[in-house]
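Hi everyone, thanks for making time for this. I'd like to walk you through a model, so please have a look at it first and then we'll go through it together.

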Amino acid sequence: MPKLKLPNPIPDQLRPRPQRPGEGNGRKSTKDVVIESGRDAGISVVDWVDERTSLSGAARWTMFRKVPKGTNWFYTLGSATMFAFLSQAVTGVFLAMYYDPSPTRAYESTRHITNEVFLGEFVRGMHKWGATVMMVLIFLHMGRTFFFGAYKYPRELNWVVGVVLLVLTMIMSLTGYLLPFDQRSFWATIVADNINGTGPFLGPYLADFLRAGPEFGATTLARFYSIHMLLVPGAIAALIGVHLYLVAKLGTTAPPWVKAEEPEQLRTEKV
Amino acid sequence: MNQREKEQYLREYSVLKAQGKPFFPYAVAKDSVMAFLVLVAIIAMSLVLGAELGPKADPTTTTYTPRPEWYFFFLFELLRVIKPAELTQAATIGIPTLCLILLIMLPFYDRGPERRPERRPIATTAGIITIVAMAYLTYLGASAGSPTDIEMKAPSDLDRQAVAQFDQGKLVAAQSGCLACHKIGHNGNDGPGPELSEVGARLPREAIARTLENPTAPMPSYAALRRDEPEQFDAMVEFLSQLR
């Protein structure tokens, strides 16, 4: 059975001493047995799961992989973006509990959230401004990747996945903008939809699909809502998984100005 | 990058990686600090800026000015910068699509082995220009007036009081939705109503006032405006009669 090596949180001096020969006649009291099995419970649970899933190898592969020398704060922008997405997901779930995507009720339910629900305006504010924060973080993360040349071999595919994630986030922002259904969001969406309609070939069909018909109607709002909370977030979550797998597989880049020191052995061999 | 450069990169990278620290706990600690800062920023913005809710959507109004979220301002501004009607499609779909294709294909046309920004002058310059251009367009979009603006300058021979009345009339005309059917200067739709850019030369002031009160259908009558807000009505007539 594979054993997980957990980091040792208790310094040696503080650990209970093992029993000396002759103490307690080699028998353990019930209390000791309970304490001992309680202490091992965490390890046994992890072992039990691992025996059935073999996940410990993957966990070790992701958590204990090395990040190269010179990794600095710029390299936290990607995970910060993901954290902003998670925050959007959590606040979005709470908003969805009260929101009603019908044209007659949408505005009233948003007002209900804002004015009456406990912490409603706070959570709606977090969702609204979280979108801005996520957008800013994406651009910063992208800027870091661009200026550090981190999109080059062998990480080209991860750049492509990242750009798709950017586009999906913009779609989130566009579809979410309509949902409060006030004047601002309604007219901005009409304009965005008309812009879609000017596209060649697919444009008019796409605009019709988004509106659920030739005119902005009763089902348009429900359609935007479902795209906003089911389709695109699902796609984003899946692509974040791909993005992270590639990061773990290929490793994060070192800053381009950091040079590798030649290993000791090679240097002596050259001499 | 050719095969030799690829192998050289992988070799150097593996050395750097071997000299690095494990992801857990070192990188995880930094990431957690950053995640905490992000959460604090979001909560602070929510508490300070709040989540205002405007008036309810009303599909029958036509004077409302649509504004996108601020990070779409650069796209929105592109539409305003590119004025001619035959280029509208380029502004709405063409340029953004082209930029997106260039962005997504970046690793396939920029294949040089060099990674330091100061040794990639073309890429670095292009990146900085892109950022500056987007920031500039975003700034323009943020400070722009409403798209129902009329960009007509008052004639230079007017005194200060007349200019004030001209500007007030311009505002009234813009808010009354004239541009939906009339073209005034560069703004507005050319039709179904006649162009008003030089209406002051065609019609005397009284005729303009009469037309506003008793227009040909489907133009709405401004008789109510004359009754309730005679000052605004006069300003609009003054503005229109100065267009020549």
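I'll start with the overall layout, then go to the helices, the contact between the chains, and a few single residues.

First, some housekeeping. This is a predicted model, so to speak about local features we ask for pLDDT of at least 70, and side-chain atom pairs count only at pLDDT 80 or more, while totals for chains, interfaces and linings use all residues. Residues are numbered from 1 along each chain as its sequence is written, and chains are lettered from A and ligands numbered from 1 in the order in which they are written.

Let's begin with chain A. It has 10 helices and one strand; helices here are DSSP runs of H or I with at least four residues, strands are E runs of at least two, and both are numbered from the N terminus. Reading from the N terminus, the order is α-α-β-α-α-α-α-α-α-α-α. Chain A is more spread out than a compact globule, because its radius of gyration is 27 Å, well over the 18 Å that the globule rule gives for 271 residues. That radius is taken over C-alpha atoms, and the rule is 2.2 Å times the number of residues to the power 0.38. Along the principal axes, the C-alpha atoms of chain A fill a box of roughly 90 × 65 × 30 Å.

How is chain A divided into domains? There is domain 1, residues 12-53, and domain 2, residues 77-250; these bounds come from an automatic or database domain assignment. The C-alpha centres of those two domains of chain A lie 50 Å apart. Chain B is assigned domain 1 (1-52), domain 2 (65-147) and domain 3 (160-241). In chain B, the centres of domain 1 and domain 2, over C-alpha atoms, are separated by 26 Å.

Two more numbers for chain A. Of its 271 residues, 31% count as buried, where buried is 20 or more other C-beta atoms within 10 Å of a residue's own, exposed is 12 or fewer, partly exposed is in between, and the C-beta atoms are placed from the backbone. Among contacts in chain A with a separation of 6 or more, 73% come from residues 24 or more positions apart; a contact is two C-beta atoms, placed from the backbone, within 7 Å.

Now please find helix H5 (residues 120-147) and helix H6 (residues 156-178) of chain A. Their axes come within 11 Å and cross at roughly 160°; the axes are lines fitted to C-alpha atoms over the stretch in contact, with angles from 0 to 180 degrees between N-to-C directions. H5(A) and H6(A) are therefore roughly antiparallel to each other, the word we use for angles over 145 degrees. Among the residues making this contact are A:Met134 and A:Ile138 of H5(A), and A:Trp159 and A:Leu166 of H6(A).

The loop between H5 and H6 of chain A holds A:Pro154, and the peptide bond joining A:Tyr153 and A:Pro154 is cis, with omega about 5°. Chain B has a cis bond too, from B:Phe24 to B:Pro25, with omega near 5°, and B:Pro25 lies in helix H2 of chain B. For context, most peptide bonds are trans, and most residues other than glycine have a negative phi.

That brings me to A:Leu119, which has a positive phi near 60°. A:Leu119 sits in the loop between helix H4 (106-115) and H5 of chain A. A:Phe181 also has a positive phi, about 60°, and is in the loop between H6 and helix H7 (183-197) of chain A. Which of these is buried or exposed? A:Leu119 counts as exposed, with 11 C-beta neighbours inside 10 Å, whereas A:Phe181 is buried, with 26 other C-beta atoms within 10 Å.

Next, where the chains meet. Here 58 residues of chain B are in contact with 66 residues of chain A. On the chain B side, the elements giving two or more residues include helix H1 (3-18), helix H2 (23-49) and helix H6 (121-143). H2(B) gives the largest share of that side, 15 residues.

One last stop: A:Leu77, in helix H3 (residues 77-98) of chain A. A:Leu77 is buried, with 22 other C-beta atoms within 10 Å. Leaving out residues up to four places away in sequence, A:Leu77 touches A:Leu137, A:Leu140, A:His141 and A:Arg144.

Thanks, and happy to take questions.

Definitions and conventions: Angles under 35 degrees count as roughly parallel, over 145 as roughly antiparallel, 65 to 115 as roughly perpendicular and the rest as oblique.
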